[in-house]
Amino acid sequence: MFARAPHRAFASEAGLAVLVQQRYLAEPAETCETPFDLGWTEIAAVLERVPDGLDRADTIAFVDAWANSGRGLLLAVRSAVLPEADVILMNADHPAAGTVPPLTVRPFRFAQCLHRPPMLGRYS
């Protein structure tokens with residue numbers, strides 16, 4: 001989304017990460033057997049936020065200015081897909097980027113959770 005800024009992107013919560021991943025699947029999520037790693041980490045840094053209400057061009061300009069300024073490690077951008085959550089950008093060029101702990105990961109498969117629950121017919 002923000003190609004000009006040197007960054008890594010994270011989601012503020014696992015549900016947003018799964019939803020964003022689902023958008024890029026080549027097959028229907030209900031039958032997708034391809035796993036992906038769902039990961040998380042904790043970063044001790046002050047989080048700056050993109051102001052709400054900016055249009056796409058102004059948001060990109062804000063992110064670019066933030067990344068180029070070097071003023072912070074993390075920036076929160078309200079998700080367009082799930083506005084209750086944030087996309088968290090990490091400035092990979094920030095001096096503190098090297099101190100971010102590696103992700104703890106676990107495999108995630110859509111087909112394991114997006115099927116018709118067996119008991120649904122019983123309670124319909």
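## Glu 48 and Arg 71

In this predicted model, Glu 48 has a relative accessibility of 23% and therefore counts as partly exposed. Its partner in a salt bridge is Arg 71, and the closest N and O atoms of the two residues are 2.8 Å apart.

Side chains of opposite charge can pair when their charged atoms come close. The structure holds three salt bridges, and the other pairs are described below.

## Asp 86 and Arg 49

A salt bridge also forms between the side chains of Asp 86 and Arg 49, at an N to O distance of 2.7 Å. Asp 86 is part of strand β5 (residues 86-91) and Arg 49 is part of strand β3, so this contact ties together parts of the chain that are 37 residues apart in sequence.

Are these residues buried or exposed? Asp 86 is buried, because its relative accessible area of 11% falls under 20%. Arg 49, in contrast, is partly exposed at 38%.

## Arg 78 and Asp 52

The side chains of Arg 78 and Asp 52 meet in a further salt bridge, with 2.9 Å from N to O. Arg 78 lies in strand β4 and Asp 52 in the loop between β3 and α2, so the pair connects parts that are 26 residues apart in sequence. Arg 78 has a relative accessibility of 38% and is thus partly exposed.

Note on methods. Residues numbered from 1 in each chain as written. Predicted model: local features only at pLDDT ≥ 70, side-chain atom pairs only at ≥ 80, totals over all residues. Heavy atoms only, no water. Salt bridge = Lys/Arg side-chain N within 4 Å of Asp/Glu carboxyl O. Buried < 20%, exposed > 50% of the residue type's maximum accessible area, 1.4 Å probe, protein only. Helix = DSSP H or I, 4+ residues; strand = E, 2+ residues; numbered from the N terminus.
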